[in-house]
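Open the model in your viewer and switch to a cartoon view. The stops below say what to select and what is there.

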Amino acid sequence: MDGVLPRRAAQLLGDARRVVIFTGAGISAESGVPTFRDDLTGLWARFDAQRLATAEAFHADPDLVWGWYEWRRTRVSRAEPNPGHLAIATIQTRVPGSTVVTQNVDDLHERAGTRAAIHLHGSLFAPRCIAAAAHPATFEDTPDGEAAQPHEGRRIPPPRCASCSALIRPGVVWFGEALPEAALTAAVEAAAACDLLLTVGTSAVVYPAAEIPRIAARSGATVIQINPQPTPLDQVSAINLRGNAAQVLPALVADAWEQTDER
Ligand code: BV8
């Protein structure tokens, strides 16, 4: 990004009445949270995230998979929202008709002030009983500084459900599992009704989530993409802002409402 934003992008945001902000792991990269497709390190270096994020992997080796999620949860707990997350919270304040739809399982949108973010792939902070989602599950606090060792990580036996003694699993959507119906329905409805969709920091290869920007484009909305790399969404984006979210989003928000205030 050469630092100069296309004026049209700022005008579209300043004029928008119904905005969807669709985010992937790239929005959290500048908070120090590895993206989903960054190479894994330490204990998990020999695994592909896509292979670990499955029910099969958990059943085959619950301690390895639970240890991976606890390492990620600890990394997120130590991270802070970045200016990209904060800019999105500002958009939500400026545009009451805006909706945040995220593929991320971290809580950085919420900690930046975003309200009611739609989590298509669940959350690191919602563990659940593998036998009965209705059973309440709480975290046993991982001893600080152990699971979070980026160069090591640990196998950690998952806790057991207090109601039925079955294993507790991460509250995320694994590959091959259906997305939460209410979340997906709300995201599709928001995308179909918006006049502007910002897609930020996603490689757009995971379905059905990757369909959300395409639904917006098909419904007549303008799509603006923020990503340092090209993605399949280049094809449906009217404007491609090649840059990092923590730089581009604050500049876009400043221009959008400085311009409106001046007009
Ligand atoms: C399902 C939780 C069916 C776990 C995740 C077509 C339709 C439906 C399904 C499929 C389909 N084709 C294939 C499938 C199967 C599969 C799938 O999509 N496979 C892909 C890989 C081909 N989908 C599924 O299995 C889904 N389930 O379909 O079920 C069903 C129906 C009924 C009943 C039973 C079953 C479930 C998918 C959910 C998987 N779970 N996460 C966990 O996190 O551990 S997905 C995982 O990938 C993460 O959530 C992540 O968010 C998501 C997408 O990745 P990104 O967010 O895009 O992150 P990535 O690292 O890839 O990219 C980062 C981007 O950021 C890059 O572009 C980079 O350039 C950019 N970036 C970097 N730095 C910055 C930046 N951008 C801005 N600023 C920066 N600073």
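This is a predicted model: local features need pLDDT of at least 70, side-chain atom pairs count only at pLDDT 80 or more; totals for chains, interfaces and linings use all residues.

Residues are numbered from 1 along each chain as its sequence is written, and side-chain values use heavy atoms, with hydrogens and water left out.

**The sheet.** Select the strands; helices (H or I, at least four residues) and strands (E, at least two) are DSSP runs, numbered from the N terminus. Six of them form an open sheet in the order β3-β2-β1-β6-β7-β8, with parallel pairing; two strands pair if DSSP finds at least two bridges between them. At the edges are β3 (118–119) and β8 (239–241), each with a single partner strand, so one side of each has no neighbour in the sheet.

**β1, β2 and β3.** Select β2 (98–102). Five bridges pair β1 with β2 in the parallel sense, and Val20 has Thr99 in β2 as its bridge partner. Two bridges join β2 to β3, where the bridge partner of Thr102 is His119. Four of the five residues of β2 are buried, so this strand is largely enclosed by the rest of the structure; buried means under 20% relative accessible area, exposed over 50%, and partly exposed in between (1.4 Å probe, protein chains only).

Now select β7 (residues 222–226), which is joined to β8 by three bridges. Ile224 has Ile239 as its bridge partner in β8. Helix α8 (residues 211–218) packs on the sheet and touches β1, β6 and β7; contact means heavy atoms within 4.5 Å.

**Helix α7.** Select residues 181–193, the 13 residues of α7. Which residues of α7 are buried? They are Ala183, Ala187, Ala190 and Ala191. These cover an arc of only 100° around the axis, which puts them on the same side of α7; the arc is that of the directions from the helix axis to the C-beta atoms. An α-helix has 3.6 residues a turn, so residues three or four places apart point the same way. The buried residues of α7 pack against β1, β2, β3 and α8. Glu181, Ala182 and Glu189 are exposed on the other side of α7.

**Ser28.** Finish in the loop between β1 and α2 (49–52), where Ser28 is found. Ser28 is buried, with a relative accessible area of 1%. Leaving aside neighbours within four places in sequence, Ser28 is in contact with Val33, Asn82, His85, Asn104, Asp106 and Leu108.

Note on methods
Axes are lines fitted to C-alpha atoms, for helices over the stretch in contact, and angles run from 0 to 180 degrees between N-to-C directions. The expected span of a helix is 1.5 Å times one less than its number of residues.
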